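Morning, everyone. Let me put the model up, and then we go through its salt bridges and its sheet.

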Amino acid sequence: MTTVKPLADRVLIRPVAAEEKTIGGIIIPDTAKEKPLKGEVIAVGEGTKDEQMVLKVGDRVLYGKYAGTELELDNEQLLIMRQSDVLAVIC
């Protein structure tokens with residue numbers, strides 16, 4: 001696998017597939033699914049002098065629908081985004 005090390009306050013996230021929901025046999029399309037998305041942090045930067053890195057590898061997080069930049073590494077879809085784009089850590 002290709003190794004990617006995020007710089008500064010950026011994190012690399014592996015999105016978790018959204019659950020398929022049905023209502024009375026009707027499948028809800030991807031465009032109508034909830035906006036906050038889940039993922040797992042797989043790499044973190046060092047932080048900056050103004051912002052300490054609080055996320056760590058293995059954290060499960062929520063982030064906004066349009067947060068980050070999509071990239072493909074070794075046929076896997078990943079997101080890279082600033083730590084400030086992460087909405088919450090799932091405990």
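Start with glutamate 76. Its relative accessibility is 22%, so glutamate 76 counts as partly exposed. On that scale, buried means under 20% relative accessible area, exposed over 50%, and partly exposed in between, with a 1.4 Å probe and protein chains only.

A word on the source. This is a predicted model: local features need pLDDT of at least 70, side-chain atom pairs count only at pLDDT 80 or more, and totals for chains, interfaces and linings use all residues. Residues are numbered from 1 along each chain as its sequence is written, and side-chain values use heavy atoms, with hydrogens and water left out.

Back to glutamate 76. What does its side chain meet in a salt bridge? Arginine 14, at 2.4 Å, N to O. The term salt bridge here means a side-chain nitrogen of Lys or Arg within 4 Å of a carboxyl oxygen of Asp or Glu. Arginine 14 lies in strand β1 and glutamate 76 in strand β7, so this pair ties together parts that are 62 residues apart in sequence. Strands are DSSP runs of E, at least two residues, numbered from the N terminus. Arginine 14 is partly exposed too, at 29% relative accessibility. And there is a network: salt bridges link Arg14, Glu40 and Glu76.

How many salt bridges in total? Five, by this rule.

Next, aspartate 9 with arginine 82. Their closest N and O atoms are 2.8 Å apart, in a salt bridge. Aspartate 9 sits in the segment before β1, and arginine 82 in β7 (residues 76–82), so the pair ties together parts 73 residues apart in sequence. Buried or exposed, aspartate 9? Buried, with a relative accessible area of 6%. Arginine 82 is partly exposed, at 36%.

Then lysine 5 and glutamate 46. This salt bridge has its closest N and O atoms 3.6 Å apart. Lysine 5 is in the segment before β1 (10–15), glutamate 46 in the loop between β4 (37–44) and β5 (60–63), so the pair ties together parts 41 residues apart in sequence. Glutamate 46 is exposed, at 66% relative accessible area.

Now the sheet. It is open, has six strands, and runs β6-β7-β1-β4-β5-β8 with antiparallel pairing. Pairing requires at least two DSSP bridges between two strands. At the edges are β6 (69–73) and β8 (86–90), each pairing on one side only. β5 and β8 pair antiparallel over four bridges. Arginine 60 has isoleucine 90, in β8, as its bridge partner.

That's it from me. Comments, please.
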